[in-house]
Amino acid sequence: EDVRLDGDLVWVDGDHLAMVLPGVPRRAALSTFHDGDAADALRRGADRSERTRVHDPAGLATAALVYDLPAGGTRRVLAPMLPGGEQAGSVRDRAVSARGRAVSARSAHDIAQTWKVPLQRGMRVELPDASLQEAVDANRAFLLVLHDPGSITPGPFTYHRFWFRDAAYMSVALDRWGLHEEAADVLRAFPERQRADGFFYSQWREWDANGSAIWAIAEHHRLTRDPGFLPPLGKAVDRGARWIARKRRERGRDDEILRGLLPPGISAEHLGPFDVYYWDDFWSLRGLLDAAYIADQVGAVEAAADFRATAVSFRRDILRSIELATRRLGCRAIPAGPRRGEDQGMIGSLVACEPLRLLDADDPLIEGTADLIRERFCYGPAFFHGIAHTGYGTYLTLQLAAVELENHDPRAWERLRWLADAATPTWTWPEAIHPRLGTGCMGDGHHGWALADFLSLIRQVLVRERRDGRGLELLGVLPPEWRGEPLAVHDAPTHHGTISYRVRWEDDVAVLTWYLRGAGEEVELRAPGLDRNWVTTESSGEVRLRSG
């Protein structure tokens with residue numbers, strides 16, 4: 001609504017610093033919706049340099065600035081990304097100190113070099129595809145940019161606020177790529193957002209929040225085995241699990257299809273309007289199971305038993321409701337909710353398979369849901385969403401791909417490849433992509449959930465935990481364009497220790513070298529994309545594998 005030009009600083013909406021300029025501009029035009037776009041004013045030759053402040057209640061205040069630029073010359077503008085809650089005074093002080101940096105800014109190469117140090121931590125990869133390597137490196141950096149102290153948010157502007165659901169996906173992506181310090185910083189702040197009744201609150205009636213929070217906490221421990229992490233969070237997890245148990249039974253329901261489920265809520269917007277959603281039930285069931293895991297780890301044996309017993313009852317209620325719903329629909333596909341039909345919201349039901357691992361990928365319910373989605377709602381590799389977030393869904397397409405990957409289905413890679421090809425030149429994705437224009441049509445220009453799912457799926461292609469808990473799969477799917485090309489994975493954290501491996505090729509034979517450390521137990525390693533029959537429990541070695 002407000003734009004103010006103060007010498008070489010541009011402020012918007014009060015004391016929000018938008019730009020530190022490379023000196024005072026030669027010409028400037030500030031304008032409003034009523035007066036027309038500021039850039040048009042400059043094109044018409046109108047010079048409004050005397051106008052240094054405008055207000056537009058429609059939110060369409062604009063500014064255009066002109067600098068002389070010699071042939072081959074450059075001008076650098078600093079666009080600060082400041083954490084929320086900064087006081088105007090500190091912003092102004094930082095802006096003044098930034099003036100010199102904006103004018104004598106290092107080259108783009110030098111700035112890029114400063115990212116090499118933080119990105120040398122954790123899991124690193126050497127991929128055969130240069131563009132995909134760029135996408136991974138860029139989005140590891142973006143994931144760190146979206147981490148604020150004690151928080152992580154799914155967008156820089158529109159979505160620069162906290163939701164437990166997005167935070168769970170993003171913190172787990174941090175952990176899967178070995179950026180444990182930032183993930184722990186986010187997770188340790190979860191109790192500060194918990195209400196007295198145990199509800200992990202980011203928005204009212206988002207009933208997936210408790211399950212999301214508890215799953216992310218448990219996954220951090222499974223990937224780090226940090227003995228000091230869980231005890232300070234044990235009380236918050238216990239209260240959160242007991243909230244789930246109470247919430248699903250807080251109202252007496254005579255309707256059998258709703259009995260034992262969570263009440264109506266809003267939860268993920270891609271499901272649709274206010275309703276009862278299986279999405280909330282799946283996340284909450286995972287929360288109970290992981291609360292039991294956490295209780296075991298901190299020595300709360302009785303609580304662990306209580307949570308497991310509640311989970312058994314909850315699972316029974318969910319499956320009974322789904323059976324009634326599928327009988328009504330006449331197909332073996334899980335609708336978004338007990339009263340919903342065959343619509344795009346069904347994509348949310350696939351979380352029961354991935355990432356929550358409550359149902360197997362070859363379970364008839366999951367297979368039926370995935371088949372219906374592919375047949376009715378996919379255009380090429382992309383999932384088209386027609387509820388609220390209308391467009392090709394970025395993370396929703398990867399939701400289907402994650403389930404397909406569990407079945408070693410090569411279509412998983414086709415969907416990931418589609419997303420990579422749909423990226424902007426800076427390797428970003430919105431929440432939804434316009435089906436004709438190929439540009440963003442929902443949310444911020446870069447969506448944290450989308451980048452988290454992209455990184456997680458890349459990681460799952462390269463290394464993922466087996467569902468039976470006994471071991472790891474390396475290259476569950478070998479992309480066809482990678483055949484004959486070398487690749488490497490360094491220091492990938494898993495539930496079974498940290499693994500590194502390298503693949504090189506001798507003619508059509510893959511030579512796999514691996515090293516697993518910190519396992520503490522016998523771990524089965526498989527590489528289905530290279531050889532479906534190969535298995536070993538050796539923690540290190542080298543083997544020649546022929547596809548087949």
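**Cavities and overall fold**

User: How many cavities of 30 Å³ or more turn up in the whole structure?
Analyst: Searching the whole structure gives four cavities of 30 Å³ or more. Keep in mind that this is a predicted model.

User: What's the volume of the largest cavity?
Analyst: About 220 Å³. The lining of the largest cavity has 17 residues, and R176, P355, A402, D453 and S456 are the closest to its centre.

User: Which helices each supply at least two residues of that lining?
Analyst: α6 (164-176), α13 (394-406) and α15 (448-462) each do. α13 gives the most, with five residues.

User: And how do the lining residues divide into nonpolar, polar and charged?
Analyst: For the largest cavity, nine lining residues are nonpolar, five are charged and three are polar.

User: OK, switching to the whole chain. How many helices and strands?
Analyst: The protein chain has 22 strands and 15 helices. Its radius of gyration is 25 Å, close to the 24 Å that the globule rule gives for 548 residues, so the chain is as compact as a globular protein of that length.

User: What box do the C-alpha atoms fill?
Analyst: Roughly 70 × 65 × 50 Å, taken along the principal axes.

User: What share of the residues is buried?
Analyst: Of the 548 residues in the protein chain, 54% count as buried. The chain exposes about 23200 Å², with carbon and sulfur atoms supplying 51% of that area.

User: Last one: among contacts between residues at least 6 apart in sequence, what percentage joins residues at least 24 apart?
Analyst: That's 63% for the protein chain.

Definitions and conventions: Residues are numbered from 1 along each chain as its sequence is written. This is a predicted model: local features need pLDDT of at least 70, side-chain atom pairs count only at pLDDT 80 or more; totals for chains, interfaces and linings use all residues. Side-chain values use heavy atoms; hydrogens and water are left out. On a 1 Å grid over the protein atoms alone, a cavity is a set of points where a 1.4 Å probe fits but cannot get out, and a pocket is an open set with protein on both sides within 12 Å along at least five of seven lines; lining residues have an atom within 4 Å of a point. Grid points are joined across faces, edges and corners, and a volume is the space filled by probe spheres set on the points. Helices (H or I, at least four residues) and strands (E, at least two) are DSSP runs, numbered from the N terminus. Ala, Val, Leu, Ile, Met, Phe, Trp, Tyr, Cys and Pro count as nonpolar, Asp, Glu, Lys and Arg as charged, and the others, Gly among them, as polar. The radius of gyration is taken over C-alpha atoms; the globule rule is 2.2 Å times the number of residues to the power 0.38. Buried means under 20% relative accessible area, exposed over 50%, partly exposed in between (1.4 Å probe, protein chains only). Contact means heavy atoms within 4.5 Å. Accessible areas come from the Shrake-Rupley method with a 1.4 Å probe; for residues, only the protein chains shown count as cover.
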